[in-house]
Amino acid sequence: MEGDIAELGKFVGAGLAAIGSGAAAIGVGHVAGNFLAGALRNPSAAAGQTATLFIGIAFAEALGIFAFLVALLLMFAV
């Protein structure tokens, strides 16, 4: 019985950590959407902000990768 509860806790924790992957997708959408809104308002400045766009996407995606790593560690670590 105790092993079953520990197994349940492990999977619940991994599921909660996996929510971070969905949150990262929402973050990438916000970054890209705000860039597009700004580029449509001022097209001449869009070329100078492309590097900032990719840095923002990379940071948002890195958080999703970390959340995925935590979920895997919770599921498969002893």
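Lys 10 is partly exposed, at 23% relative accessibility; the class covers values between buried (under 20% relative accessible area) and exposed (over 50%), found with a 1.4 Å probe and protein chains only. This is a predicted model, in which local features need pLDDT of at least 70 and side-chain atom pairs count only at pLDDT 80 or more, while totals for chains, interfaces and linings use all residues. Residues are numbered from 1 along each chain as its sequence is written, and side-chain values use heavy atoms, with hydrogens and water left out.

**Salt bridge**

- The side chain of Lys 10 meets that of Glu 7 in a salt bridge, at 3.7 Å from N to O.
- A salt bridge here is a side-chain nitrogen of Lys or Arg within 4 Å of a carboxyl oxygen of Asp or Glu.
- Side chains of opposite charge can pair when their charged atoms come close.
- Lys 10 and Glu 7 are three residues apart in helix H1 (residues 2-41), which means that about one helical turn separates them.
- An α-helix has 3.6 residues a turn, so residues three or four places apart point the same way.
- Glu 7 is partly exposed, with a relative accessible area of 34%.
- How many salt bridges does a search of the whole structure find? The search finds one.

**Overall form of the chain**

- The chain has three helices and zero strands, in the order α-α-α along the sequence.
- Helices (H or I, at least four residues) and strands (E, at least two) are DSSP runs, numbered from the N terminus.
- Along the principal axes, the C-alpha atoms fill a box of roughly 65 × 15 × 5 Å.
- The radius of gyration of the chain is 18 Å, whereas a compact globule of 78 residues would have one near 12 Å.
- That radius is taken over C-alpha atoms, and the globule rule is 2.2 Å times the number of residues to the power 0.38.
- Of the 78 residues, 15% count as buried.
- The accessible surface comes to about 5,600 Å², and 76% of this belongs to carbon and sulfur atoms.
- Accessible areas come from the Shrake-Rupley method with a 1.4 Å probe, and for residues only the protein chains shown count as cover.
- Among contacts with a separation of 6 or more, 79% are between residues 24 or more positions apart; contact means heavy atoms within 4.5 Å.

**Other positions in helix H1**

- Ile 26 lies in helix H1 and is exposed, with a relative accessible area of 53%.
- Gly 38 and Gln 49 are 11 residues apart along the chain, and their C-alpha atoms are separated by 9.4 Å.

- H3 has 27 residues and reaches 39 Å from its first C-alpha to its last, close to the expected 39 Å at 1.5 Å a residue.
- The expected span is 1.5 Å times one less than the number of residues in the helix.
- The buried residues of H3 are Leu 53, Gly 56, Ala 60, Gly 64, Ala 67 and Ala 71.
- Ala 67 counts as buried because its relative accessibility is 13%.
- Which residues does Ala 67 contact, leaving aside its neighbours within four places in sequence? They are Ala 17, Gly 20 and Ser 21.
- The C-alpha atoms of Ala 67 and Ala 37 are separated by 29 Å, and the two residues are 30 apart along the chain.

- Leu 63, Ile 65, Phe 66, Leu 69 and Leu 73 form a nonpolar patch on the surface, with about 530 Å² of accessible area together.
- Patches are made of residues with over 30% relative accessible area and no salt bridge; like charges are joined within 9 Å, and nonpolar side chains (Val, Leu, Ile, Met, Phe, Trp, Tyr) within 5 Å.
- Phe 66, in helix H3, is exposed, with a relative accessible area of 52%.
- Leu 69 is found in helix H3 (residues 50-76) and is partly exposed, at 45% relative accessibility.
- Leu 69 and Ala 17 are 52 residues apart along the chain, and 8.8 Å separates their C-alpha atoms.
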